[in-house]
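Please keep the sequence and the structure in view while reading.

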Amino acid sequence: MTNSSSLKQNKSTSRLPQSGQRGQALVFIIIVIAVIAGGLLFLISMRKDAKAEGERFAKQVIERCAFQHDVRFLHSSVASDRRLAVPPAMDDQFIFYLTKLGVPDRNYTLTGQVEFDSYFVSPHGTFKTILTYPDQHATVFVSVARPSGIWLVTDFGVTYERPPE
């Protein structure tokens, strides 16, 4: 009798650690799922913020170039890849022609969107707007990207009905 009662006690005590291990495993799985969900929410939030920042930066480039004719801003915002391919004199010419056109109407619509290379990584976008000047219209294109931590202009251009005089 002693042997069977001690055997029953051993069986009952050996089951307790297994149920405790199962509980610990469940808690661990819940923590891992919570960490993954938190990480995904963080990445989705960063993606949303990057889209808004990219659009805001493109709008700032249009404002500073077309309305304020700020060539220094353009020089400081152009990506180094473009700077190597296109000399700064092209930036000056871009601002020069926008200055010759005058100051456009402030009611304009910016179209375009920010895209990502790998859903969350390397945001970039191309934007377009049609500006109304006193005697003609001009279409301004701006491409922006955030290769590291800051937004940069990767390309820009303007087309107009006739060259400014």
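Is Glu63 buried, partly exposed or exposed? With a relative accessible area of 23%, Glu63 is partly exposed, where buried means under 20% relative accessible area, exposed over 50%, and partly exposed in between (1.4 Å probe, protein chains only).

## Basis of the model

The model is predicted: local features need pLDDT of at least 70, side-chain atom pairs count only at pLDDT 80 or more, and totals for chains, interfaces and linings use all residues. Residues are numbered from 1 along each chain as its sequence is written, and side-chain values use heavy atoms, with hydrogens and water left out.

## Overall organisation

The chain contains four helices and four strands; helices (H or I, at least four residues) and strands (E, at least two) are DSSP runs, numbered from the N terminus. Along the sequence, these elements follow the pattern α-α-α-α-β-β-β-β.

Of the 165 residues of the chain, 30% count as buried. Among the contacts with a separation of 6 or more, 51% come from residues 24 or more positions apart, a contact being heavy atoms within 4.5 Å.

## The sheet

The four strands form an open sheet in the order S1-S2-S3-S4, with antiparallel pairing. Two strands are taken as paired if DSSP finds at least two bridges between them. S1 and S4 are the edge strands, each pairing on one side only. On average, neighbouring strands of this sheet are turned by 10° against each other, direction ignored. Such angles run from 0 to 180 degrees between N-to-C directions, and the axes are lines fitted to C-alpha atoms, for helices over the stretch in contact. In general, strands of a sheet pair through backbone hydrogen bonds, either parallel or antiparallel.

S1 pairs with strand S2 (residues 123-132) in the antiparallel sense over seven bridges. Glu115 has His124 in S2 as its bridge partner. Eight bridges join S3 to S4, which also run antiparallel, and these two strands form a hairpin with six residues between them. Val144 stands opposite Val153 in S4. Helix H4 lies across S3 and S4 and runs at about 40° to S4.

## Salt bridges

The whole structure holds five salt bridges, each defined as a side-chain nitrogen of Lys or Arg within 4 Å of a carboxyl oxygen of Asp or Glu. One of them joins the side chains of Glu53 and Arg146 (3.1 Å, N to O). Glu53 lies in helix H1 (residues 2-67) and Arg146 in the loop between strand S3 (137-145) and strand S4 (152-160), so this pair ties together parts that are 93 residues apart in sequence. Glu53 counts as partly exposed at 30% relative accessibility, whereas Arg146 counts as buried at 17%.

A salt bridge also links Glu63 to Arg106 (2.7 Å, N to O). Because Glu63 lies in helix H1 and Arg106 in the loop between helix H4 (88-101) and strand S1 (110-116), the pair ties together parts that are 43 residues apart in sequence. The side chains of Arg82 and Asp155 meet in a further salt bridge (2.8 Å, N to O). Here Arg82 belongs to helix H3 (residues 80-85) and Asp155 to strand S4, so parts that are 73 residues apart in sequence are tied together. Arg82 is buried, with a relative accessible area of 13%, while Asp155 is partly exposed, at 37%.

## Loop residues with positive phi

Most residues other than glycine have a negative phi. His69 is not a glycine, yet has a positive phi of about 55°; His69 is found in the loop between H1 and helix H2 (71-77).

Ser122 likewise has a positive phi of about 55° although it is not a glycine. Ser122 lies in the loop between S1 and S2 and is partly exposed, with a relative accessible area of 28%.

## Surface

The chain exposes about 10,900 Å², of which carbon and sulfur atoms supply 59%. Accessible areas come from the Shrake-Rupley method with a 1.4 Å probe; for residues, only the protein chains shown count as cover.

Ile36 is found in helix H1.
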